[in-house]
Amino acid sequence: MDDSQHTPASFERGTDGPKVIVVGIDGSESSWRAAAYAAGLARRQGSKLVLVYVQPVMAAGAAMGAPVGDATNEVADELMAEIREATDRLQGIYDVRWEFHTLRGDPYNGMVQMADELTADAVVVGASESAGHRIMGSVAVRLVKAGRWPVTVVP
């Protein structure tokens, strides 16, 4: 009997560790801890680190005339500045290939879209600090339930 017929399907995508690690950031403390964890993992594994900020779409705020787009663009610019500052500070000490993406939408669907587009080998997110996740479920839990990539949730 051929043993290859009884080998379970493998989840591994990369050959020697993850090639692309996607991490969600939103400026919260837990997301920065997730980014730091993912950066260390990317450095040790020689992976590309992809930082993703999903700009929330707030239809109710926009309907009332609030400049939601300007506010979320400002957050994206601030996140990018903080990432560049950290990268410049550590340049020459740690060498990590990274890129920053931002898109509009809800955080779960945005993370799924980016992880799929980039063929992520791993997804890292911070634990939810929001009370609203009790209604919809946290982004982390929803990503784990999707079962498409290994997901690490950093407290």
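Modeller: Leaving aside neighbours within four places in sequence, Phe 100 is in contact with Ile 25, Leu 51, Tyr 53, Ala 76, Leu 79, Met 80 and Ile 83, where contact means heavy atoms within 4.5 Å. This is a predicted model, in which local features need pLDDT of at least 70 and side-chain atom pairs count only at pLDDT 80 or more, while totals for chains, interfaces and linings use all residues. Residues are numbered from 1 along each chain as its sequence is written, and side-chain values use heavy atoms, with hydrogens and water left out.

Phe 100 belongs to the largest nonpolar core, which has 19 residues. Such a core is a set of buried Ala, Val, Leu, Ile, Met, Phe, Trp, Tyr and Cys residues joined through side-chain atoms within 4.5 Å; buried means under 20% relative accessible area, exposed over 50% and partly exposed in between, with a 1.4 Å probe and protein chains only. Together with Phe 100, the members that touch the most others are Ile 21, Val 23, Ile 25, Leu 51 and Val 124. Two or more residues come from each of strand 1 (20-24), helix 1, strand 2, helix 3 (68-90) and strand 4 (122-126). Helix 1 gives the most, with five residues. Helices (H or I, at least four residues) and strands (E, at least two) are DSSP runs, numbered from the N terminus. Apart from this core lies another, of 17 residues, including Val 22, Val 54, Ala 115 and Ala 140.

Ser 47 is found in the loop between helix 1 (29-45) and strand 2 (48-55). At 2% relative accessibility, Ser 47 counts as buried. Beyond its neighbours within four places in sequence, Ser 47 is in contact with Pro 18, Lys 19, Ile 21, Ala 42 and Arg 97. One of these, Ile 21, is also among the core members that touch the most others.

Of the 155 residues, 34% are buried. Among contacts between residues at least 6 apart in sequence, 76% join residues at least 24 apart.
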